[in-house]
Amino acid sequence: MADTKVSLCGIELDNPIIPASGTFGYGYEFAELYDINILGTFSFKGTTLEPRFGNPTPRIAECTAGMINSVGLQNPGVEKVIKEELPKMQKCFSKKVMANVGGFSIDEYVTTAAKLDKCDCVGWLEINISCPNVHGGGMSFGTSASAAAEVTKAVKKVVSKPVIIKLSPNVTDIASIASACEGEGADGVSLINTLLGMRIDLKTKRPVIANRKGGFSGEAIFPVAVRMVNEVASAVKIPVVGIGGVSSAEDVLEMMMAGATAVQVGAANLINPYACRDIIEALPAVMAKYKIQSLKDIIGVCVNG
């Protein structure tokens, strides 16, 4: 029988499939379609200290083999998330969840993370220093090894739960940034977030996104994600969560061979709300096809080799 269990920062998951933040809300909308407890876990919508309306519309556009988004971390703020969203989520999801934390300063990251760290349902804190769609925060911390390390160090001082730093691909050396986070106590890293992209409407002669550019995601970025996951997994000893263009059980195996302990599924959820369910159901047969008895056995088989 196929063993799909993995351990992420000391917490066992039934399988490595994790819907990515921003593509799964707080879970309860998807719980109307299927039992979301089959998931390994999920990363809920990015949360900031104060409520955010996000960027002006239009802020989502389809493109070949993917999409561009510039939502801008729209969320009700951490207090409302804790008081209203998490109780609703817990009615349909019984496992620990990943809390995705956004910020515009180190103090904001620290305050928001400390509040979510106190929530019993939270198992991991995913610190998003990689969002390309906000000004003065997010990716500005993720493009510098020293800034990423500073955020990591500050957050680790105030929380007790595992800290996973979400890294930006819009850099020249992602492995050095991952290593800097590891050096300041990060328990894991997740990557990649979206690549910066832009499209122009030929009729209006204007960018299709009000914010001009946005995060490019979807199947087209999968090879880039696999390469970056492999580079980071070769550089650090902490777990890596692979993200970027994953849409099938085969993609999950490839990402894990590159070095990922667990795998997040993002844009595929917006195309097919059953995407994660379908991947989980397909995993045992695909594992059998490639003569894989346990997923733990394939993690990082292509690291440094």
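Modeller: Helix H8 passes helix H10 in a right-handed crossing. The model is a predicted one, and every value below is computed from it. The axes of H8 and H10, the latter spanning residues 275-289, come within 8 Å and cross at roughly 70°. Because angles of 65 to 115 degrees count as roughly perpendicular, H8 is roughly perpendicular to H10. On the H8 side, the residues that meet H10 are Ala249, Glu250, Val252 and Leu253. Their partners in H10 are Ile279, Ala282, Leu283, Val286 and Met287. By class, the residues of this contact divide into 8 nonpolar, no polar and 1 charged.

Is Val246 buried or exposed? Its relative accessible area is 3%, and a residue under 20% counts as buried, so Val246 is buried. Leaving aside residues up to four places away in sequence, Val246 touches Phe222, Asp251, Val252, Met255, Val263, Gln264, Val265 and Ala268. One of these, Val252, is also among the H8 residues that meet H10. The C-alpha atom of Val246 is separated by 9.8 Å from that of Ala275, 29 residues apart along the chain.

Val263, another of the residues touched by Val246, lies in strand E16, residues 262-265. Val263 is buried, with a relative accessible area of 0%. With residues up to four places away in sequence again not counted, Val263 touches Pro16, Ile17, Ile18, Val241, Gly242, Val246, Val252, Met255 and Met256. Val246 and Val263 both list Val252 and Met255 among their contacts. Ile200 is 63 residues from Val263 in sequence, and the two C-alpha atoms are 32 Å apart in space.

The axes of helix H6 (residues 174-183) and helix H7 (residues 222-235) come within 9 Å and cross at roughly 40°. H6 and H7 are therefore oblique to each other. H6 passes H7 in a right-handed crossing. From H6, the contact is made by Ile174, Ala175, Ala178, Ser179 and Glu182; from H7, it is made by Met228, Glu231, Val232 and Ala235. These residues divide into 6 nonpolar, 1 polar and 2 charged.

H3 passes H5 in a right-handed crossing. Ile106, Tyr109, Val110, Ala113, Ala114 and Asp117 in H3 meet Glu150, Val151, Ala154, Val155 and Val158 in H5. The contact of H3 with H5 has 9 nonpolar, no polar and 2 charged residues.

A disulfide is a covalent bond between the sulfur atoms of two cysteines. With a cut-off of 2.5 Å between cysteine sulfur atoms, the count comes to 0 disulfides. Cys181 is in no disulfide, and the nearest cysteine sulfur, that of Cys9, is 13 Å away. Cys181 is buried, with a relative accessible area of 0%. Cys63 is buried too, at 15%.

Some points of backbone geometry remain. Most residues other than glycine have a negative phi, and most peptide bonds are trans. Cys9 has a positive phi of about 55° although it is not a glycine, and it lies in the loop between strand E1 (6-8) and strand E2 (11-13). Lys205 also has a positive phi, near 60°. Lys205 lies in the loop between strand E12 (200-201) and strand E13 (206-207), and its relative accessibility is 65%, so it counts as exposed. A cis peptide bond joins Thr57 and Pro58, with omega about -5°; Pro58 is in the loop between strand E4 (43-47) and strand E5 (60-63). Another cis peptide bond joins Leu191 and Ile192, with omega about 5°. Ile192 is in the loop between strand E10 (188-191) and strand E11 (195-197).

Technical notes
Residues numbered from 1 in each chain as written. Predicted model: local features only at pLDDT ≥ 70, side-chain atom pairs only at ≥ 80, totals over all residues. Heavy atoms only, no water. Buried < 20%, exposed > 50% of the residue type's maximum accessible area, 1.4 Å probe, protein only. Contact = heavy atoms within 4.5 Å. Axes fitted to C-alpha atoms, helices over the stretch in contact; angles between N-to-C directions. Helix = DSSP H or I, 4+ residues; strand = E, 2+ residues; numbered from the N terminus. Parallel < 35°, antiparallel > 145°, perpendicular 65-115°, else oblique. Left-handed = near helix turned anticlockwise from the far one by under 90°. Nonpolar A, V, L, I, M, F, W, Y, C, P; charged D, E, K, R; others polar.
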